[in-house]
Amino acid sequence: MKNRIGLVVGCLLIMVWCLLPVAWIISLSFKSQTAITNGSPGFFPADGEGAGWSNYRDVLDNDQFLLAIRNSIGISLIATVLSVVVATLAAYAIARLEFRGKKAVLTIALAIAMFPVVSLVGPLFDMWRAVGLYDTWPGLIIPYMSFTLPLAIWTLSAFFREIPWEMEQAAQVDGATSWQAFRKVIVPLAAPGVFTAAILTFFFAWNDFVFGISLTSTESARPIPASLSFFVGSDPFNRPASLLAAGAVIATIPIVVIVLIFQRKIVAGLTSGAVKG
Amino acid sequence: MTAPVKPVKGRPAVSDRARAETRLGQKLVAPAIVLMLLVTAFPMLRALYLSTFDYALTAPDERDFVGISNYLTALTDPLFWQTTGVTVLYMVVTVAVELVIGFAFAMVMHRVIFARGVIRTSILIPYGIITVVSGFAWQFAFSFQNGFVNGWLPFVGDDFNWFGQTGSAVVAIMVSEIWKTTPFMSLLLLAGLAQVSEDMIEAAKVDGATWTQRLTKVILPNMRAAIMVAVLFRALDAYRIFDNIFVMTAGAVKTESISFLTYRQTIEQFQLGMGSALSVLLFLSVLVVAFAIVKLFRVDLAQARQES
């Protein structure tokens, strides 16, 4: 009985921990700018001029913000698809084949996962300007791909190892061509793993900040985290907190939707990639 | 009906087959390797090269070879050591706090039967939220103008400015970092906990071991590999801390991390030579941290990954 109460309290604590700041930024997004500058340290939104949905309306009327959302969605999706395709090839080879240099691949991936991103920003900034990739979509997609590959390769190869590959041979013995065997037997088994890797890759790309602020200079490629941080509004010395909060909430919605739908897969992917490897 | 057993991949010349397999394997991993090296190894070598020049992007024609003088300047500058010190402080405190809170969360999640989905969904939300957004949320929460923290904490005044001095600003930044990344830590620890055999815990219980004894003698030693992986990943991640500092203080009141200093030199001040030297130093210090952690836990990483 005592144990049970402890668990309930623990669960409540976890929920408060996870959701309090989220509730706070949502509450902030419904407050009016004047209420905030006047100093109203309340948690819940108060009435007043500009309270309610008006912050959202202002944010959605803002071209800068809309372009950033478009950039983020486009860049993250493309980087995710490409990275998962490349990682699937590599992970298949690692899980399935014996070849020289296999250890080296895993070591390189591990080293890159630990790499300090900021170290590369200077040289990339210089290189991208020289080859014309600065402030373009590919200029961000390439770094995102290479930095999401390690996680995708681990997750996928951990996943592929669990697949009973003998089934493929069994199908071949029963008369299927090797392509048919692969497509009908292995692909359906591998699909959930590929999907998990895709979600984690998307999270990474959506969350990136360092590349986003350093390798872009205009709205043509700047993703949403960078755009939010440069958003100053009418008074450059006082950040428009409630507007920013509304923008932040909008930028968070895709992630929350993904989490709500795929939570089980995400947990499996995170832990198998990092612990079981 | 018996399907004819095709002599698929020829019986003779095993070495031929092995060679073909090697070739296929290398072909399949090649794109991944090329991409990863293109964005890391090549720029890193270029950083090494650029770091030997006095090279500012604002005056590209006045690029002078200066040898190791950028490194000497950086290493003798108190600012470099101060940012390194702050970075180590961020790393040590956040990882230590996260290890404790993350473990507590993992224990709860491991035992809980009801509402499992709800708990797991909520714990993924901080993990999924953009670091910049969590930085903003906490910056506004700590703000004396529009935040609630001062109102909720009895021991600080209503107009206490958290971002006015180093100590409290560092605390605020750490809180945002800890909030955002504890879920990752606790999920890794949860996976480790799941691998500790229940039988062993039960056996210890039957033998009369107290809760503390079971924790320190049975559970923790069996999770060593998982704990090490979690600490290593989080520590290296924390050492690169950048986003929340950028948003919350922009490096003011000595909250700047080594990543931030590097960024500021390279991108904001266009000092590519000096920035590259700092990049190399940052990279080397990450290696030192990784090496120290692996040594400290005395676990072979490759082995840990396979066994656990």
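1. Ser279(B) is buried, at a relative accessible area of 1%, where buried means under 20% relative accessible area, exposed means over 50% and partly exposed lies in between (1.4 Å probe, protein chains only). The residue is found in helix α14 of chain B, residues 272-297; helices (H or I, at least four residues) and strands (E, at least two) are DSSP runs, numbered from the N terminus. Leaving aside residues up to four places away in sequence, Ser279(B) touches Val118(A) and Ser119(A) as well as Met44(B) and Thr262(B), a contact being heavy atoms within 4.5 Å.

2. On conventions, this is a predicted model in which local features need pLDDT of at least 70 and side-chain atom pairs count only at pLDDT 80 or more, whereas totals for chains, interfaces and linings use all residues. Residues are numbered from 1 along each chain as its sequence is written, chains are lettered from A and ligands numbered from 1 in the order in which they are written, and side-chain values use heavy atoms, with hydrogens and water left out.

3. Chain A has 12 helices and zero strands. Of its 277 residues, 55% are buried, and among contacts in chain A with a separation of 6 or more, 73% are between residues 24 or more positions apart. The accessible surface of chain A is about 11,700 Å², with 67% belonging to carbon and sulfur atoms; such areas come from the Shrake-Rupley method with a 1.4 Å probe, and for residues only the protein chains shown count as cover.

4. Phe230(A) lies in helix α11 of chain A and is partly exposed, with a relative accessible area of 31%. Not counting residues up to four places away in sequence, Phe230(A) touches Ile213(A), Arg222(A) and, from chain B, Phe246(B). The C-alpha atoms of Phe230(A) and Gly269(A) are separated by 33 Å, the two residues being 39 apart along the chain.

5. A search of the whole structure finds nine salt bridges over all chains, each defined as a side-chain nitrogen of Lys or Arg within 4 Å of a carboxyl oxygen of Asp or Glu. One of them joins Arg234(B) and Asp237(B), whose closest N and O atoms are 2.9 Å apart; these residues are separated by about one helical turn because they are three residues apart in helix α11 (residues 224-239) of chain B. Arg234(B) is buried at a relative accessible area of 1%, while Asp237(B) is partly exposed at 33%. Both residues belong to a network of salt bridges that also links Glu98(B), Glu177(B) and Arg240(B).

6. Another salt bridge, at 2.5 Å from N to O, is formed by the side chains of Glu256(B) and Arg264(B), of which Glu256(B) is buried, with a relative accessible area of 5%, and Arg264(B) is partly exposed, with 21%. In chain A, the side chains of Lys102(A) and Glu98(A) meet at 3.3 Å, N to O; Lys102(A) is buried at 17% relative accessible area, whereas Glu98(A) is exposed at 55%.

7. Val8(A), Leu12(A), Ile113(B) and Phe114(B) form a nonpolar surface patch with about 390 Å² of accessible area together. Patches are made of residues with over 30% relative accessible area and no salt bridge, with like charges joined within 9 Å and nonpolar side chains (Val, Leu, Ile, Met, Phe, Trp, Tyr) within 5 Å. Phe114(B) sits in the loop between α4 (78-111) and α5 (116-128) of chain B and is partly exposed at 33% relative accessibility.
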